[in-house]
Amino acid sequence: MSGELTRKSAAELAELMAAGQVSAVEVTQAHLDRIAEVDGRIGAFLHVDAEVALAQARAVDSRRAAGEELGPLAGVPIAHKDVFTTVDMPTTAGSKILEGWRPPYDATVTARLRAAGLVILGKTNLDEFAMGSSTENSAYGPTRNPWDLERVPGGSSGGSSAAVASYQAPLATGTDTGGSIRQPAAVTGIVGTKPTYGGSSRYGLIAFASSLDTPGPFGRTVLDAALLHEAFSGHDPMDSTSIDRPVPPVVEAARRADVAGLRIGVVKELGGEGYQPGVLARFNEAVELLESLGAKVAEVSCPHFTYALPAYYLIAPSECSSNLARFDAMRYGLRVGDDGTRSAEEVMALTRAQGFGPEVKRRIMLGTYALSSGYYDAYYGKAQQVRTLIIRDFEAAFEQVDVLVSPTTPTTAFPLGDRVDDPMAMYLADLATIPSNLAGTPAISVPCGLADEDDLPVGLQVMAPVLADDRVYRVGAAVERALTDRWGGPLLSKAPAL
Amino acid sequence: MTAPTLVPYEEALAKYEPVLGVETHIELGTATKMFCGCPTTFGAPPNTQVCPVCLGLPGSLPVTNKAAIEGIIKIGLALNCTIAEWCRFARKNYFYPDMPKNYQISQYDEPLCVDGYLDVEVDGETFRIGIERVHMEEDTGKSLHVGGATGRIHGADYSLVDYNRAGIPLVEIVTKPITGTGDKAPLVARAYATELRELVRALGVSDVRMEEGSMRCDINVSLAPRGATEWGTRTETKNVNSLRSVERAVRHEIERQAAVLESGGKVVQETRHFHEDTGTTTPGRSKEEAQDYRYFPEPDLVPLAPSREWVEQLRASLPELPAARRRRVQAEWGLTDLELRDVVNAGALDLIEQTVKAGCAPGPARKWWMNELSRRATEQGVELDELPITPAQVARVQALIDEGSLNDKLARQVFEGVLAGEGDPDEVVAARGLKVVSDEGELAAIVDQVIAENADAADKVRAGKVAAAGALVGAVMKATRGQADAARARELILQKLGAS
């Protein structure tokens with residue numbers, strides 16, 4: 001029974017629990033057992049607390065027994081990317097500088113899911129401060145891809161993608177600043193969404209780049225991702241950039257799964273050179289499939305998307321150089337060299353030198369430079385202008401079509417260690433995902449098959465206008481339904497057993 | 001450190017023309033902080049008014065306090081500024097332990113209020129001080145450096161930080177360069193700070209107490225040889241914590257810079273610290289090694305876009321401003337310019353006005369506050385409005401005088417009682433048994449007795465030396481413990497001695 005429970009979707013588990021066929025404690029225990037069984041090989045979790053998890057599960061069971069009306073995901077276990085604060089578990093952001101830090105408050109995402117009765121299994125690994133595309137930048141060691149343990153699970157939310165793809169959790173949270181949800185979802189064969197910027201609260205999310213960071217869901221099905229999306233989204237008075245508008249009807253859209261008459265644009269600039277042939281082949285098939293389902297497909301040009309990556313690598317580091325200034329050993333976290341002889345300034349410098357990893361330092365340096373007096377206009381200022389052009393590209397495209405599609409990533413999962421010494425190669429993993437971050441628009445990645453070269457998952461990215469998150473679920477669910485029928489089961493069922 | 005050489009003030013002004021600039025920080029008196037819900041009460045135990053937001057904990061985010069924006073817009077309007085239709089907060093990046101995030105949320109090239117002015121008066125001459133900008137920012141925490149000689153971070157054994165102040169809304173008001181003040185420069189600077197304080201106080205958006213740091217001034221001074229077309233190098237003097245210090249700091253910098261220039265040296269562009277005890281300034285951080293603050297728009301906050309309707313509502317809600325009010329009361333109370341200035345300088349305008357509102361005539365109201373009560377405030381070393389007496393109580397005392405049951409001398413005893421915490425004027429009158437002896441028969445009996453006891457003086461009066469009656473009046477007053485109506489007593493004495 002317990003093995004079967006971990007194979008079920010969140011929606012199925014919720015139904016079983018609501019029907020009284022299984023308890024939240026049983027579901028939680030099944031996932032804790034699975035974690036104990038496989039996570040030694042995957043390394044998805046930085047922190048698991050069985051007792052805390054079971055206590056939450058028991059609380060849900062007794063609320064249910066008392067006849068309380070519970071949310072649609074009550075009792076379903078979840079893993080949180082270790083960049084959301086949790087009062088009952090440490091929060092490290094994958095960095096030595098926060099090792100052992102126990103936040104005194106819950107992130108809004110954490111708090112809302114807690115209130116909705118989801119059971120927190122633990123905190124998942126990530127690239128330090130969410131900076132990276134492979135989870136190899138974690139100070140606590142890498143996470144492995146369940147499809148091939150010698151390959152990366154994507155990043156920065158690689159712990160969450162690997163946990164969901166290896167059945168250790170049916171749901172997980174992530175954050176997407178340049179592709180950190182969609183890219184790991186694509187390379188592990190699961191579903192991941194970057195909601196509209198401001199659609200989900202950043203309060204309690206340890207900031208990397210404030211104008212880009214977006215909390216979002218991971219699931220093995222489009223419906224599961226939509227259920228989680230709906231559970232934590234919506235206006236938050238604690239986040240000024242959160243949008244005070246109703247959450248788009250994503251669950252309804254995921255159930256509808258119909259694309260008849262929908263106008264779909266294939267982005268000319270996101271494909272071709274630099275993209276793996278097997279990735280392009282699966283992508284093209286997915287586009288044909290959508291056409292066969294009644295969608296109208298056209299090619300659309302977004303000429304400034306070519307400049308998205310360089311603009312991103314000025315804006316994100318600039319914001320991070322300021323956001324990470326607070327890690328100075330004065331109030332919390334690591335403190336190095338405080339032996340009574342050194343000044344506060346020396347202790348700050350020593351702590352930051354030892355507490356941050358090389359990629360974080362690289363980006364702080366980049367951002368500090370880009371914001372410096374005399375360089376600001378040429379770098380940060382120019383990048384903001386490019387950002388405006390990209391927003392205009394999207395606006396122009398969405399006058400012609402309802403959604404845009406592209407491969408989520410140029411390649412499938414790459415081998416561990418392959419790109420750690422080549423930042424540029426690493427940065428290219430986010431080539432297709434970054435435009436949506438710069439424009440604040442929603443996008444999803446859904447599995448669309450295995451590349452011929454390496455039998456590894458390929459993701460289809462669907463992008464929509466601001467606050468039209470429901471559209472990406474509609475298209476994603478239609479593709480999922482048709483492909484599952486074609487394959488005779490979900491893509492993940494083709495993954496090798498662990 | 002050797003004492004700085006100074007050129008005497010008059011000599012300095014004969015050769016050089018000063019240019020001033022004043023940057024004033026004012027803590028708004030909002031109930032909660034700029035970007036979180038923590039209370040702003042002054043004097044709470046260290047680090048008790050903090051939360052994840054104002055401590056800058058990882059993941060926390062700021063949310064703008066609308067009351068603070070209302071406050072700054074009122075200040076901007078009162079200073080005749082233009083209120084921006086759209087502007088943003090910016091991050092000012094620098095590392096310092098009292099800054100929880102190591103950046104301060106401030107405003108940079110898009111201030112909320114720009115291009116205004118404030119008129120101030122010195123010796124009957126009006127100076128229009130241009131206002132460059134008024135912007136909104138958050139205050140930092142407060143460091144206490146323990147050990148070491150200077151009380152500054154360098155050389156301290158250790159430092160303590162109180163974050164209660166971190167995140168308190170702070171308005172920065174920057175003047176345009178103030179020129180053409182000549183030898184009145186120190187007075188103009190002081191008059192500006194005074195007028196600004198009155199203005200902000202009248203708006204009710206801050207308690208503007210310099211001694212508690214809710215109003216702080218940085219003074220920029222430069223000197224140029226008279227007739228020169230270019231301004232000199234300026235210094236910025238911080239730690240100027242009273243109106244008097246504003247005046248002294250300007251004066252000292254003029255004398256010091258003149259000395260530097262006279263000896264053939266160059267004024268260094270730097271931050272200097274003012275020392276209250278000596279009235280001098282010493283160098284702080286040199287601006288040559290000034291930091292690059294790497295300002296950029298604050299991405300955690302949405303732009304400020306105060307609607308024109310709201311701005312106009314706020315404009316319509318502004319109270320009577322100090323200058324207009326002074327003109328009004330001067331006319332209503334019939335004061336000379338000098339009398340008005342004394343009242344303003346004593347901080348007595350509010351008190352007198354409230355006393356008048358409580359039913360007292362302007363003359364006596366001003367007399368009590370400016371004389372008797374000012375004297376007592378000085379004795380106790382407190383501000384006039386800190387005396388434990390209300391305008392209503394002062395008005396009541398005067399009412400008792402007007403109805404004849406007290407005289408001025410008794411009134412002073414009543415004030416003494418009220419200030420000593422003995423209760424309301426009526427309670428003090430009752431408890432101390434203070435009452436003018438107005439019973440004609442009783443007074444006549446006392447006069448007879450005094451005449452009998454002071455035969456020598458009585459004879460002199462009888463002989464036509466009317467001046468000798470003073471001693472007899474004094475004796476009557478003594479016998480009645482001051483409660484007699486002295487004028488009436490005198491009349492009776494002269495009458496009885498046949499001298500009237």
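Of the 500 residues in chain B, 42% are buried. The model is a predicted one.

Chain B carries 16 helices and 14 strands. The C-alpha trace tells its own story: along the principal axes of chain B it spans about 90 × 55 × 50 Å.

Domain 1 of chain B covers 9-313, domain 2 covers 320-432 and domain 3 covers 440-496. Between domain 2 and domain 3 of chain B, the C-alpha centres are 32 Å apart.

Now to a sheet in chain B. Three strands make an open sheet in the order S4-S3-S14, and the pairing is antiparallel. Which strands of this sheet stand at the edges? They are S4 (103-106) and S14 (296-297) of chain B. Each has a single partner strand, so one side of each is left without a neighbour in the sheet. Strand S3 of chain B, residues 90-93, is joined to S14(B) by two bridges, and the two strands run antiparallel.

Two residues of chain B deserve a look at their backbone angles. Most residues other than glycine have a negative phi. B:Asp115 has a positive phi, near 60 degrees, and is not a glycine. This residue sits in strand S5 of chain B, residues 113-122. Is B:Asp115 buried or partly exposed? It has 16 C-beta neighbours inside 10 Å, so it counts as partly exposed. B:Asn239 has a positive phi too, of about 65 degrees, and is not a glycine. Its place is strand S11 of chain B, residues 235-240. With 18 C-beta neighbours inside 10 Å, B:Asn239 counts as partly exposed.

Next comes the meeting of the two chains. How many residues of chain A are in contact with chain B? There are 33, and they are in contact with 26 residues of chain B. Three helices of chain A, namely H11 (308-323), H12 and H13 (358-371), each supply at least two residues of the side that touches chain B. The largest share, three residues, comes from H11(A). By class, this side of chain A has 16 nonpolar, 11 polar and six charged residues.

Helix H12 of chain A, residues 344-355, holds A:Thr351. Why does A:Thr351 count as buried? It has 22 other C-beta atoms within 10 Å, and the cut-off is 20 or more. Leaving out residues up to four places away in sequence, A:Thr351 touches A:Ile97, A:Asp328, A:Ala329, A:Leu334, A:Arg335 and A:Val336. A:Gly333 is 18 residues from A:Thr351 in sequence, and their C-alpha atoms are 9.5 Å apart.

Strand S10 of chain A, residues 443-450, is the next stop. Eight of its eight residues are buried, so S10(A) is largely enclosed by the rest of the structure. Strand S5 of chain A, residues 191-194, is joined to S10(A) by three bridges, and these strands run antiparallel. In that pairing A:Thr193 has A:Ile444 of S10(A) as its bridge partner. S10(A) also pairs with strand S11 of chain A, residues 457-463, in the antiparallel sense over six bridges. Here A:Pro447 stands opposite A:Gly459 in S11(A). S10(A) and S11(A) form a hairpin, with six residues between them. A:Asp455 lies in the turn and has a positive phi of about 55 degrees.

Most peptide bonds are trans. The bond that joins A:Gly155 and A:Ser156 is cis, with omega about 10 degrees. Where in chain A does A:Ser156 lie? It lies in the loop between strand S3 (119-124) and helix H6 (158-165) of chain A.

Technical notes. Residues are numbered from 1 along each chain as its sequence is written. Chains are lettered from A and ligands numbered from 1 in the order in which they are written. This is a predicted model: local features need pLDDT of at least 70, side-chain atom pairs count only at pLDDT 80 or more; totals for chains, interfaces and linings use all residues. Two strands pair if DSSP finds at least two bridges between them. Helices (H or I, at least four residues) and strands (E, at least two) are DSSP runs, numbered from the N terminus. Domain bounds come from an automatic or database domain assignment. A residue is buried if 20 or more other C-beta atoms lie within 10 Å of its own, exposed if 12 or fewer, and partly exposed in between; C-beta atoms are placed from the backbone. Two residues are in contact if their C-beta atoms, placed from the backbone, lie within 7 Å. Ala, Val, Leu, Ile, Met, Phe, Trp, Tyr, Cys and Pro count as nonpolar, Asp, Glu, Lys and Arg as charged, and the others, Gly among them, as polar.
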